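Here's a quick, friendly tour of a few residues worth a look. Have the sequence and the 3D view open as you read.

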Amino acid sequence: EPFDQVFIYPEPGYAVQQNAVIQGETIYPGKYTIQAKGDRISDLVKRAGGLTPNAYLPGAVLIRTRHFSSIEENNDQQGLDNLLKQNAESNTPQSIQNQIVASARRRTETVGIDLAGIMANPHGNLDLLLQDGDTLTVPKQLQTVRVNGEVLYPTLVRYNKDYSFKDYILNAGGFSDRSAKGKSYVVNANGSVKGTRHFLFFRRYPKLSPGAEIYVPLKKERAPLNTATFISLMVSLATLILIAYNSVK
């Protein structure tokens with residue numbers, strides 16, 4: 001009759017088929033169907049026949065596809081517009097703004113995982129649930145460390161377990177005059193990131209593992225101190241000294 005509403009529900013338990021991909025050092029790499037909502041990384045490795053003897057577990061990485069609803073797309077675009085507006089008002093260089101846009105529009109993300117810990121304790125806390133479009137990559141044994149950014153000669157350096165962070169920098173010619181040493185960071189082969197720690201005047205650089213990449217960023221240029229600013233600072237300092245002297249007296 002007029003104004004009736006008819007609702008047709010899906011069959012209980014029905015879901016559109018979802019897939020995950022495993023590639024690299026596995027017996028049977030390829031695309032596999034996610035069979036249940038509780039499927040995890042260890043289940044995917046098991047269906048692929050397990051890992052080969054050459055698999056480098058610390059370098060395994062999970063690439064996750066980002067799925068957005070229309071509302072999330074709108075919110076994401078609005079947030080990006082606001083961020084770009086703030087950067088434009090603060091005169092942020094165009095190259096950095098381009099990087100922000102590229103990062104925001106990226107539809108895949110790298111998830112740092114501990115595959116050795118996952119396989120040692122399947123379905124444990126480290127064993128992530130699979131999502132549609134996930135890609136697990138297990139590389140061969142890695143033997144180099146890449147040094148990027150503000151060094152004299154960005155290059156690949158052979159991994160040496162006895163090398164420190166500075167040893168790898170020296171093998172790339174050393175820091176450049178424009179390097180921000182204290183903001184150097186390391187991206188490990190599995191996608192995890194570690195930065196430089198600070199304690200008083202000391203720096204503690206990250207440890208390196210095979211396949212890692214070192215990034216030394218550019219030092220931010222400081223505006224030169226003009227005469228007016230210098231005079232203003234001197235007047236302020238003299239005023240503080242006079243106030244302190246009078247207080248003590």
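Where does His123 lie? Look in the loop between helix H4 (115–120) and strand E5 (135–138). Keep in mind as you go that this is a predicted model.

His123 isn't a glycine, yet its phi is positive, at about 65 degrees. Is His123 buried, exposed or partly exposed? With a relative accessible area of 44%, His123 is partly exposed, because that value falls between the 20% cut-off for buried and the 50% cut-off for exposed.

## Phe3, ahead of the strands

Now jump to Phe3, which sits in the segment before strand E1 (19–24). Phe3 is also a non-glycine residue with a positive phi, this one about 75 degrees.

Phe3 has a relative accessible area of 81%. Exposed means over 50%, so Phe3 counts as exposed.

Next up is Asp39, in the loop between strand E2 (30–33) and helix H1 (41–47).

What does the side chain of Asp39 have by it? A polar atom there lies 2.7 Å from the backbone nitrogen of Gln35. Setting aside neighbours within four places in sequence, Asp39 is also in contact with Ile34, Arg47, Leu128, Leu129 and Leu130.

How values were computed: Residues are numbered from 1 along each chain as its sequence is written. This is a predicted model: local features need pLDDT of at least 70, side-chain atom pairs count only at pLDDT 80 or more; totals for chains, interfaces and linings use all residues. Side-chain values use heavy atoms; hydrogens and water are left out. Helices (H or I, at least four residues) and strands (E, at least two) are DSSP runs, numbered from the N terminus. Buried means under 20% relative accessible area, exposed over 50%, partly exposed in between (1.4 Å probe, protein chains only). A polar contact is a pair of N or O atoms within 3.5 Å; within protein, one must be able to donate a hydrogen and the other to accept it, and residues adjacent in sequence count only if both atoms are side-chain atoms. Contact means heavy atoms within 4.5 Å.
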